[in-house]
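Please look over the sequence and the model before reading the points below.

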Amino acid sequence: MTSVERIGVAGGGAWGTALALTAARAGREVTLWARDPGTVSDVRSRQQNSRYLPGITFDEEIRATSELSDFAGQDAILLVTPAQTTRSMLAALKPHLRPGIPVVLCAKGIEQGSGKLLTEVMAEELPDARPALLSGPSFADDVAKGLPTAVTIAAETQDLADSLSRAMASQAFRPYTSTDLTGVQVGGALKNVLAIACGAVVGRKLGASAQAALTARGFAELTRLGLAMGARQDTLTGLSGLGDLVLTCSTPQSRNFSFGIELGRGKTAQDLINAGGKLAEGAHSARIAVELAERLKVDLPISTTVAQLISGKLSIDEAITALMTRPLKSENAGA
Ligand SMILES: NC(=O)C1=CN([C@@H]2O[C@H](COP(=O)(O)OP(=O)(O)OC[C@H]3O[C@@H](n4cnc5c(N)ncnc54)[C@H](O)[C@@H]3O)[C@@H](O)[C@H]2O)C=CC1
Ligand SMILES: O=C(CO)COP(=O)(O)O
């Protein structure tokens, strides 16, 4: 069984920093790479990441660097940059990693343009490394503060999932293992799109009943796409699917939900993107999820509406009308 003692974390944003803290709390030796030199000096000199985790100071020992070459000699890498940077980050990491090293993909999204899952991108860019995933209901802020969290760690083999799980586990951070790479990724990507829809309903003040209906029908949609892509049902009802959907669809602590709230209040997606606000992965994944579903002949009415809202094809009120006036059907129908 592989022993994972030294962990390199690539990505100095909120989630990368929270996972670096988690690994350090689990007793690992941690090197955190950040693109932004300000983040590196903030971590080194003030034990903080004030840009992405304001108000949190840490006691854990984390080595911060702006050189990917400092990852030579690591036992595993966590890649924690936005989903659309996965391909370029893997290419940049490649010269610095030993063959066979586990690379844990922690972003939640689907590659724009290709419609590929991030493990498929990794198979192309870093075929000598072993892919793994960390996903599930977990806000960076909660994890950084040491609040109790459970996540899914998935890998192709149970042995690797077990090793990575042991390497990250502590009293406040409890990983469950899986070997269903597809299921974990579909859940993580789609819940962000669905959270935008739930946020829009809240922003438009349509009430808690509508929010619950969208979450449940959103889960039906996530399940249809997941099963069509080969996911296991129990993954979709687990932490990385239903668990993360419920979290992200319920609180403005989620950036995707907050993005949806602003859409519901009448802002356009373009306004929000131009304002350069916080990362909302669902805004990038919506259209590509819909294209993927069309190829697989799966109906995703809520995600389609979100994609149309984001592209400016529908206003918020037209989007609601479109969803509420669809043909009536059985709750258990396939679409
Ligand atoms: N924040 C959270 O609570 C959680 C986030 N995630 C996922 O983790 C991923 C990263 O999210 P966050 O860390 O929260 O985002 P963030 O916005 O806090 O940080 C993003 C980081 O990526 C860096 N970055 C951006 N573009 C880059 C590029 N081209 N090359 C290298 N670095 C680049 C930024 O400098 C920043 O350090 C997302 O896919 C998100 O869905 C998953 C679970 C929880
Ligand atoms: O993935 C997350 C929680 O599990 C974070 O969600 P947001 O990116 O919407 O903040």
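With 22 C-beta neighbours inside 10 Å, arginine 255 counts as buried; a residue is buried if 20 or more other C-beta atoms, placed from the backbone, lie within 10 Å of its own, exposed if 12 or fewer, and partly exposed in between. This is a predicted model, in which local features need pLDDT of at least 70 and side-chain atom pairs count only at pLDDT 80 or more, while totals for chains, interfaces and linings use all residues. Residues are numbered from 1 along each chain as its sequence is written, and chains are lettered from A and ligands numbered from 1 in the order in which they are written.

**Annotated residues**

- An unreviewed UniProt entry gives the feature "binding site" at Lys108, Gly136, Ser138, Lys191, Asp244, Ser254, Arg255 and Asn256; positions follow the numbering used here, feature names are shortened, and annotations may be inferred rather than shown by experiment.
- Arginine 255 belongs to helix H11, residues 255-264; helices (H or I, at least four residues) and strands (E, at least two) are DSSP runs, numbered from the N terminus.
- Beyond residues up to four places away in sequence, arginine 255 touches Lys278, Leu279 and Ala280; contact requires C-beta atoms, placed from the backbone, within 7 Å.
- Lysine 108 sits in the loop between strand S5 (102-105) and helix H4 (118-125).
- Lysine 108 is buried because 27 other C-beta atoms lie within 10 Å.
- Neighbours within four places in sequence aside, the contacts of lysine 108 are Ala83, Ser135, Gly188, Ala189, Asn192 and Glu281.

**Strand S5 and its partners**

- Strand S4 (residues 76-79) runs parallel to S5 and is joined to it by three bridges; two strands pair if DSSP finds at least two bridges between them.
- Isoleucine 77 stands opposite valine 103 in S5.
- S5 and strand S6 (residues 130-135) are also parallel, with four bridges.
- Valine 104 has alanine 132 in S6 as its bridge partner.

**Surroundings of ligand 1**

- Around ligand 1 there are 26 residues, the closest being Gly13, Ala14, Trp15, Ala107 and Ala140; a residue is near a molecule or strand if its C-beta atom, placed from the backbone, lies within 6 Å of it.
- Helix H1 (14-25) and H3 are the elements that give two or more residues to this shell.
- H1 provides the largest share of the shell, three residues.

How values were computed: Contact = placed C-beta atoms within 7 Å.
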